[in-house]
Amino acid sequence: MKNLKLASLKTKTKTIISVGDIHIGKDFIVIAGPCSVENEYIMLKTAFAVKKAGASMLRGGAFKPRTSPYSFQGLGLKGLKILKKASLETGLPVVSEVLDTRDVTWMCEYIDVLQVGARNMQNFSLLKEIGRAKKPVLLKRGMYSTLSEWLNCAEYILSEGNPHVILCERGIRTIESYTRNTLDLSAVPALNELTHLPVIVDPAHATGKVSLIPPMCLAAVAAGADGLIVEVHSDPEKALSDREQSMTPVQFAFMTQKIRILRDFLDSLEEKHSGAAA
Ligand code: PEP
Ligand code: MN
């Protein structure tokens with residue numbers, strides 16, 4: 001791929017991004033939490049539940065990019081304060097989406113990772129502003145974007161001086177309409193051939209259906225992802241956004257158990273293989 005002066009695997013070895021005690025790109029990460037921060041009670045209840053189930057980081061949107069202007073738009077600053085409280089109480093770092101260039105600097109006081117949503121992947125002013133920020137970035141794939149376009153967006157952030165970019169595959173639009181989007185899992189091994197940046201998978205926004213999330217999470221592990229991001233809500237039926245793709249804490253805990261078993265199994269095979277090759 002041309003023009004990838006900084007994002008290409010040819011330029012450097014795997015990027016490892018440290019957030020608190022976790023090292024993204026080295027440790028497998030599971031980010032979980034509600035689609036939107038709705039109130040303190042739900043946020044804290046969900047945060048403690050996902051922590052208990054082994055989540056490494058919390059998510060929660062305070063600024064929501066909704067299809068309709070009449071849908072819940074998020075709590076803004078109030079949401080970020082709640083998220084910060086959940087972070088302090090659980091010890092888990094937090095990721096939240098930034099929609100506007102004017103919010104990048106001040107939002108950094110409340111969160112550990114800035115999320116660029118699918119709808120803003122090619123918002124070049126936002127990418128440049130984030131490139132000047134001192135926080136890691138979770139860059140979601142645009143729903144109509146090729147891998148090349150996506151990597152060029154990462155390049156925008158890197159070229160402004162921020163080397164800490166995590167790529168997140170979240171499904172693309174295809175002719176299929178049963179699922180919300182189509183999870184492009186081949187993007188994971190493909191990106192691992194093209195870039196040194198960590199790659200995580202979001203099967204919640206890709207499928208839009210809770211029942212499809214655990215199998216796709218396991219498939220993402222098998223495909224070589226560096227982590228996962230999913231939506232968990234203490235009471236999904238009452239969620240103000242993305243209800244159909246929000247897992248209960250019990251569903252999430254069962255899934256993290258399966259993920260752990262699959263990862264241990266794959267790691268043991270790798271060890272055996274490298275032992276035999278040595
Ligand atoms: C989200 O993470 O809640 C979200 C809006 O994701 P995406 O940008 O992938 O649609
Ligand atoms: Mn969502």
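User: At what angle do H5 and helix H6 pack, and how far apart are their axes?

Analyst: Axes are lines fitted to C-alpha atoms, for helices over the stretch in contact, and angles run from 0 to 180 degrees between N-to-C directions; helices (H or I, at least four residues) are DSSP runs numbered from the N terminus. In this predicted model, H5 and H6 (residues 187-194) pack at about 50°, with axes 12 Å apart. That makes H5 oblique to H6, the class left over once angles under 35 degrees (roughly parallel), over 145 (roughly antiparallel) and 65 to 115 (roughly perpendicular) are set aside.

User: Which residues of H5 and H6 make the contact?

Analyst: With contact meaning heavy atoms within 4.5 Å, Leu147, Trp150 and Leu151 of H5 meet Ala187, Ala190, Leu191 and Leu194 of H6. By class there are seven nonpolar, no polar and no charged residues, where Ala, Val, Leu, Ile, Met, Phe, Trp, Tyr, Cys and Pro count as nonpolar, Asp, Glu, Lys and Arg as charged, and the others, Gly among them, as polar.

User: How do H4 and H5 pack, and which residues meet?

Analyst: Helix H4 (residues 124-131) and helix H5 (residues 147-159) pack at about 40°, with their axes 7 Å apart, and are therefore oblique to each other. Phe124, Leu127, Lys128, Ile130 and Gly131 in H4 meet Cys153, Tyr156 and Ile157 in H5, a contact of six nonpolar, one polar and one charged residue.

User: Which conventions apply?

Analyst: Residues are numbered from 1 along each chain as its sequence is written, while chains are lettered from A and ligands numbered from 1 in the order written. Local features need pLDDT of at least 70, side-chain atom pairs count only at pLDDT 80 or more, totals for chains, interfaces and linings use all residues, and side-chain values use heavy atoms, with hydrogens and water left out.

Key
Helix = DSSP H or I, 4+ residues; strand = E, 2+ residues; numbered from the N terminus.
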